[in-house]
Amino acid sequence: MQETINRRGFLKIGATLASVPVFSQLSGTYSLFAKDVSDLVKNGEVVTGTHWGVLKVTLKDGKVVDSKPFFNTSKIPNSLQGNTADMIYKSRVKYPMVRKSYLENPDDPKPALRGSEEFVRVSYEDAIKLVARELKKTRTQKGPASVFAGSYGWKSVGNVHNSRILLHRFMNLSGGFTGSLGDYSTGASQIIMPHVVGSIGVYEQQTSWPVILEHSKVVVLWGVNPITTLKISWQVDDAQAFAYLEKLKASGKQLIIIDPRRSETIRYFDKARWIAPLPNTDVAMMLGMANHLYKKGKYDKEFLETYTVGFDRFSEYLLGKTDGIDKTAAWASSICRIDEKTIQELAELFYDNRTFMMSGWGMQRAHHGEQPHWMMVTLASMLGQIGLQGGGFSLGHHYSGAGVPTRKGATIGGINAASLGYFDESGKFIGTKSSGSDAASTGESWKLKVSASSFPVARIADALMHPGKTIQHNGKTITYPDIDFIYWVGGNPFSHHQDTNTLVKAWKKPRTIVVNSIYWTPSAKMADIVFPTTSQYERNDIAMIGDYSKHGIAPIKQLVEKQFEARDDYQIFSDLCLAYAGKELFNAYTENGKKEMDWIEEYYNVAYNTILKTPQLLTDMKPFQTFWSENQPVVFNSTMESESFVKFKDFRDDPILQPLGTPSGLIEIYSDTIAKMNYDDCRAYPSWFEPIEWLGMKQKPAEFHMLSPHPYDRLHSQQNQTRLRDTYAVANHEPIYINPKDAAKKQIKNGDTVRVFNARGEILAGAVVTDDVIEGVVCIYEGVWYDPEKPGAVGSICKNGSPNLLTIDIPTSKLANGNISHTALVNIEKYTGKTLPLTAFSAPKGA
């Protein structure tokens, strides 16, 4: 321990913690979590599943030295697969740590010092007791709604060690908490699409790749970059999608790629036609196409009459009858800066050929982000090809291998978030509603009430800053709780939330922030109490291969011993149960002491028994002990039905017997439901709204539009600390891509350190001068670890180059409250200040 508090203060804290009566029981959990590591492979190869695929990992003397893909299905490289060693050994949180002022007096912890004050190393047992005591205190004084456990993030893969679910399981059983709604990835679309097509759309299986390859004549990639985003999956990536991109490239089909920058995908499809509109103007461009088709009579009237509602109301807007603005191709051109003739030609090309439109999610992470996908569905409806082979639209082919045919097999289950716990007058845990006991009637008066509602996850800073504020969300009113205790696991909000300086300010409001973290991320550095947790490579687990393909089952094998004092999240929350309310709560959480291998075998056997009962499911699935010892993934078989799957085909074949989940059962181009909400920022039909910041403004607050797309060499902020950074960093900063003409005006050259700034913040980045971005646009990838020159200080420059210091933290609209990370204007200039040493990946003071 490098930093200590004075002896008098330490003795006072120790005496207080010793008074927690359940501490003596904590030692009873060690036998449950103790692991014999003698059977770990010291020298050789182990197969294990990850977000970036099934890997073959090589060990030497008990250390990981190499990792390679297990499935070699494509020549397209995946740079994320070779960094396993760095994910184990770099930037680790080694010991339980508590911020100094918090340790001295949790009732007066000086939250303004959060992020800048040193940490003090404590024992694991003392950290457990401290969290249990302060959580109970918070609930007693302010109620369970004051406890936030949103913990949104990509976490480590695995169905047992799912950190977010494990946290929610603990919080539910111990008395309730405030949660969150939605996510950052698809915040707008996942709300608007159920109103339009009756389902979420973005997280569903899409039309099969073999169908597209056989039947589509034109494939449109609109704001989508699958060469980058198909490197990963939410579960274990199946490594199949890249092979379909290779086939698409070789197919000779006409490819249209619409994107403000020449992405990795555009460079891969080097024969594709690149169309580069101004950022945030896709809706206007689509409206111009629709207007042209309508006036030319090149639209499918029968499809619109049979399968949609509200086109007549929408067409009034399209033709300017509602607002006096005819949405012609010329009008669209003045907004998106694509010439009128091109807009008209593209519209007719799409109508005259079997066309499949694939959209990404970046266009809906923008101001009024509900509109682009709604308008794309409307345009696809006018083409009339939805539900036909090779036609229609997709909102997910770039994600987790959607479109890879679903295989016939069984599914691995996972740990659940449990039900709300009940307690008697003395605080003794007595059960849950689902436990079959009389807990509900006995403990109702002592039950800690859960907050009636959660709030949208992208509004976390707003909620912290304005307790009691009411907002509109999808037709409902939500009131922010007074959050005083945050528990965060499996994520890194200081790299993915917008307007970081506002988040820093908001993060200093609660009394307590606890973080379970593998690494010293910027979020861990902004905590009061930090538990070091294991990476997935230090524990065992199991998961599906392929989110949509259900390609098979991956063993997730422990590769190395747990590093330093890292513990599994499962152990941390099991021990917190014991400290919080004794063995009864511990037994409820662990289902009477189940170990990780008990859960893993249970989930596997459920799947295995499904296979045994269904002989037609031919597979190589073997009994669990054989599967685990052989350390090979299970692979299921594909079917003709899945190979030929066409989304919306059943609906098109019979809209009466196979209706959509909308109120009308049809595609809703006009939504009566949304009309009744009477929002001023989301009409009842898809519309063009001018963004709060964009290049078409008459008076711009800054000069360049900044895009912050998904990174090529990271999974958001994961792997930012690996050796990959050495391959792309410029002047030891995150690169920023700028057009040569813009660079010349600013006297910026390749390799220069530049200052990127606006009213919200400032960062340092390394200039890459390239015509891969159009004039007026700069690009810097998201997921950069926030690294302020002055830790914990609002307004401090970020030395590593995190673009979220520059993004705007307002909602897409009152309907969805998604984030608008792609709506931001910035300035850029050559940096002439002193060199600032990078500290993003090193431990904070005291650690």
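**Entry 1: overall shape**

I began with the radius of gyration: a compact globule of 847 residues would come near 29 Å, and the protein chain has 27 Å, so the two agree. A note to myself before going on: this is a predicted model. Next I looked up the box that holds the C-alpha atoms, and along the principal axes it is roughly 80 × 70 × 60 Å. I counted secondary structure too, and the protein chain has 32 helices and 31 strands. Buried residues make up 63% of the 847. For contacts between residues at least 6 apart in sequence, I noted that 75% join residues at least 24 apart.

**Entry 2: cavities**

How many cavities of 30 Å³ or more does the structure hold? I found three. The largest cavity contains about 100 Å³ of space. Its lining has 14 residues, and Asn 280, Val 283, His 367, His 368 and Pro 372 are the closest to the centre. I checked which helices take part: H13 (282-296) and H18 (370-383) each give at least two residues to this lining. Sorted by class, the lining of the largest cavity comes out as seven nonpolar, six polar and one charged.

I then went to the second largest cavity, with a volume of about 40 Å³. Around it I listed Val 197, Gly 201, Glu 204, Gln 206, Phe 393, Leu 395, Lys 647 and Phe 648. The classes here are four nonpolar, two polar and two charged.

**Entry 3: Asn 280**

Most residues other than glycine have a negative phi. Asn 280 has a positive one, near 70°. I placed Asn 280 in the loop between strand S10 (273-275) and H13. Is Asn 280 buried or exposed? Its relative accessible area is 15%, and because the cut-off for buried is under 20%, Asn 280 counts as buried.

**Entry 4: Gly 396**

Gly 396 belongs to the loop between strand S13 (392-394) and strand S14 (421-423). I read its relative accessibility as 1%, so Gly 396 is buried. Which residues touch Gly 396, beyond neighbours within four places in sequence? They are Val 202, Gln 206, Ser 359 and Ala 402. Gln 206 was already in my notes, as one of the residues lining the second largest cavity. I also took a C-alpha distance: Gly 396 and Gly 360 are 36 residues apart along the chain and separated by 6.9 Å.

**Entry 5: Thr 50**

I found Thr 50 in strand S1, which covers residues 44-50. With a relative accessible area of 0%, Thr 50 is buried. What does its side chain meet? A polar atom of the Thr 50 side chain lies 2.7 Å from the backbone oxygen of Gly 53. Setting aside neighbours within four places in sequence, I listed contacts of Thr 50 with Leu 55, Val 157, Gln 235, Val 236, Asp 237, Gln 536 and Tyr 537.

**Entry 6: helix H11**

Which residues of helix H11 (241-250) are buried? I wrote down Ala 241, Phe 242, Ala 243, Tyr 244, Leu 245 and Leu 248. Their cover includes helices H9 (209-215), H10 (226-229) and H12 (264-268), along with strands S8 (218-222) and S9 (254-258). Just past the helix, I noticed that Gly 252 has a positive phi of about 80°.

**Entry 7: Thr 619**

My last stop was Thr 619, in the loop between helix H26 (596-613) and helix H27 (624-630). Its relative accessibility is 28%, so Thr 619 counts as partly exposed. Leaving out neighbours within four places in sequence, Thr 619 is in contact with Ile 611, Val 634, Val 635, Phe 636 and Asn 637. I also checked Lys 408: from Thr 619 the separation is 211 residues in sequence and 8.9 Å in space, C-alpha to C-alpha.

Terms used. Residues are numbered from 1 along each chain as its sequence is written. Side-chain values use heavy atoms; hydrogens and water are left out. On a 1 Å grid over the protein atoms alone, a cavity is a set of points where a 1.4 Å probe fits but cannot get out, and a pocket is an open set with protein on both sides within 12 Å along at least five of seven lines; lining residues have an atom within 4 Å of a point. Grid points are joined across faces, edges and corners, and a volume is the space filled by probe spheres set on the points. Helices (H or I, at least four residues) and strands (E, at least two) are DSSP runs, numbered from the N terminus. Ala, Val, Leu, Ile, Met, Phe, Trp, Tyr, Cys and Pro count as nonpolar, Asp, Glu, Lys and Arg as charged, and the others, Gly among them, as polar. Buried means under 20% relative accessible area, exposed over 50%, partly exposed in between (1.4 Å probe, protein chains only). A polar contact is a pair of N or O atoms within 3.5 Å; within protein, one must be able to donate a hydrogen and the other to accept it, and residues adjacent in sequence count only if both atoms are side-chain atoms. Contact means heavy atoms within 4.5 Å. The radius of gyration is taken over C-alpha atoms; the globule rule is 2.2 Å times the number of residues to the power 0.38.
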